[in-house]
Structure formats: structure tokens, C-alpha cells
Amino acid sequence: MQRNRIILLGASNLTLSLRLVIQILQRRLGEPGEIFTAIGHGRAYGCYSEMLLRGLPGIADCGLWRQLDTSDEQKQPVYALLTDIGNDIMYELPPEKILLVLEWCVKQLQRLRAQIVMTGLPMAPIENLTEKRFTFFRNLFYPCCRLSRNEAIARARTIHAGLVEMAARYRFTLVEQQPCWFGVDGIHVKFARRANYYREVLNGFTVADHEPESGYERTPLLFWQRRATFAYKTILGREFICPQPSGLLLNGSKVFKY
């Protein structure tokens with residue numbers, strides 16, 4: 001029997017640390033569980049995105065939401081993490097649209113009675129980027145973006161303020177980002193900090209009869225019995241479709257990847 005449902009929404013940071021995040025959560029929530037993910041390098045919430053020839057729909061437009069509506073385990077407790085929110089800015093979506101898309105996601109999750117934790121934007125690391133460094137990483141990660149450093153920071157401030165207001169209105173946990181967690185590009189979590197970073201973020205969930213973790217015990221990461229594959233993606237414009245759940249961890253947890 002699946003003991004819980006975990007929903008993980010994000011981009012590069014979450015993609016690189018997916019098994020770590022699942023492991024930290026399941027140490028508190030129990031296992032096995034159903035894991036619903038919408039992730040991917042360069043992933044956006046509100047628009048189609050491409051990274052290294054691979055294309056993915058926006059998180060709000062993917063098949064995850066239909067899957068959640070039809071899942072058999074609707075009586076199980078639901079925990080949802082929304083993170084890696086900044087990509088939409090660099091795809092030049094207006095801040096108002098980004099906030100509307102995130103609000104829609106929050107409403108869908110609350111309809112499922114999910115406990116929600118969201119990470120804010122890493123404002124200090126972003127604001128500390130020099131013009132030269134900002135331009136370098138903008139051209140590297142978002143070659144089609146033409147936002148200036150000042151415009152990108154202004155949009156980030158607008159979105160961050162909107163997230164603070166949204167968290168108060170919908171009563172979910174918004175985790176403030178600490179500068180020490182991030183690398184030279186201002187958006188990616190340092191490899192050596194990932195375990196502590198996600199432990200701090202995931203302590204935002206309240207779990208009955210479990211205290212927040214105060215330290216991280218190094219244990220081997222969960223292994224795949226069958227690695228998860230995207231339900232829908234494009235490569236050079238060609239569509240690829242895979243039935244879900246496509247992933248299975250050795251502890252019996254099923255992984256849906258959208």
C-alpha cells in the first residue's frame with residue numbers, strides 16, 4: 001500500500017536532487033509512496049521550454065494535473081513542493097502572468113488538500129550578480145532572453161513580493177532562500193550544500209509525531225529499479241510519449257514524471 005502522495009514541481013535544482021528530496025521526505029513521511037513530478041532542466045511553470053534540443057510543456061500545462069485527478073490514492077495525505085520558480089522570468093513572461101500561473105497551481109493543490117511548501121526567489125544571490133556575470137549566465141542558460149540585469153532583478157522583486165502575499169493569503173509555507181546555499185550563477189544550489197538545503201526546505205512540512213530534522217545523516221541514495229521517463233517531451237520537434245508511472249524505486253515507490 002502506498003502510504004502518501006508526494007508532488008514535486010521544479011526545474012534544474014530539483015532534477016539534480018530528485019532522489020535526495022524523495023529520501024529526505026520519506027524518512028519523515030514513511031515509504032513507499034506515490035511520487036508525482038514535473039521537473040526538468042530549464043523547466044518553466046507558465047510556458048513551453050527547450051533545453052539542449054529537448055522540449056517540455058509548462059508545468060501548469062502538463063499531464064500531471066489530470067493524473068492527480070484520476071489517481072486511486074486520493075485519501076492518502078498529500079505533500080507538495082514548488083521550487084525553482086525563476087526560469088519563467090528569463091523566458092520573459094510578465095510577472096503578473098507568472099504569479100497567476102503559480103496561484104493556479106496552488107489552488108489545484110489545495111483542492112487536493114495538499115500541504116504546500118514553496119521556495120522563494122534567491123533575491124540576495126541574484127542581486128549580487130555583476131553585470132558581466134549576469135550577461136554570461138543569461139547567454140549560457142537563456143540564449144533567447146534579452147532582459148537586462150536591472151529589468152530581470154526588478155521582475156524578480158515583483159514576483160517575490162507577490163509570493164509573500166500569496167503565501168499569506170493561501171496559508172502555505174514560503175521558505176526564504178539563504179545566500180550561502182547558492183553558487184556563482186545565483187540560481188543553482190551548490191553541490192556540497194544540497195543535502196542541508198533540502199533538509200531546511202523540507203522541514204517546512206509539518207508531519208504528525210515527527211520533529212523537523214536537525215542534522216543530515218549520510219546514507220546511500222535510493223536506487224532506481226526502473227528509471228522514470230517523461231510522459232511527454234519533444235526532441236528536435238519529434239514527440240515522445242511514455243505511459244505513467246514510468247519510474248519505480250527499490251523501496252516500492254512509484255514515480256510519475258511529467
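The side chain of Arg5 reaches the backbone oxygen of Leu68 at 3.3 Å. This is a predicted model, where local features need pLDDT of at least 70 and side-chain atom pairs count only at pLDDT 80 or more, while totals for chains, interfaces and linings use all residues. Residues are numbered from 1 along each chain as its sequence is written, and side-chain values use heavy atoms, with hydrogens and water left out.

**Arg5 and its strand**

Arg5 sits in strand E1.

Now zoom out. Strands of a sheet pair through backbone hydrogen bonds, either parallel or antiparallel. Here, eight strands form an open sheet in the order E7-E6-E5-E1-E2-E12-E11-E8, with mixed pairing. Strand E7 (173-175) and strand E8 (224-226) are at the edges with a single partner strand each, so one side of each has no neighbour in the sheet. From one strand to the next, the twist averages 20°.

Here are some of the pairings, where two strands pair if DSSP finds at least two bridges between them:

| Strands | Direction | Bridges | A bridge pair |
|---|---|---|---|
| E1 and E2 (residues 34-38) | parallel | five | Ile6 and Ile35 |
| E1 and E5 | parallel | five | Leu9 and Leu82 |
| E8 and E11 (residues 247-249) | antiparallel | two | Trp224 and Leu249 |

Helix H5 (residues 95-111) packs on the sheet, touching strand E1 (5-9), E5 and strand E6 (115-119), and its direction makes about 155° with that of E6. Helix H9 (residues 194-202) packs on the sheet too, touching E5, E6 and E7, with its direction at about 135° to that of E6. These angles run from 0 to 180 degrees between N-to-C directions, with axes fitted as lines to C-alpha atoms, for helices over the stretch in contact.

**Two residues to look up**

Setting aside neighbours within four places in sequence, Leu249 is in contact (heavy atoms within 4.5 Å) with Ile22, Leu222, Phe223, Trp224, Gln225 and Val255.

Thr83 is in the loop between strand E5 (78-82) and helix H4 (87-90). Thr83 is buried as well, with a relative accessible area of 1%. Its side chain makes a polar contact with the side chain of Thr119 (2.8 Å). A polar contact is a pair of N or O atoms within 3.5 Å; within protein, one must be able to donate a hydrogen and the other to accept it, and residues adjacent in sequence count only if both atoms are side-chain atoms. Not counting residues up to four places away in sequence, Thr83 touches Leu9, Gly10, Leu14, Tyr45, Thr119 and Tyr197.

Technical notes
Helix = DSSP H or I, 4+ residues; strand = E, 2+ residues; numbered from the N terminus. Buried < 20%, exposed > 50% of the residue type's maximum accessible area, 1.4 Å probe, protein only.
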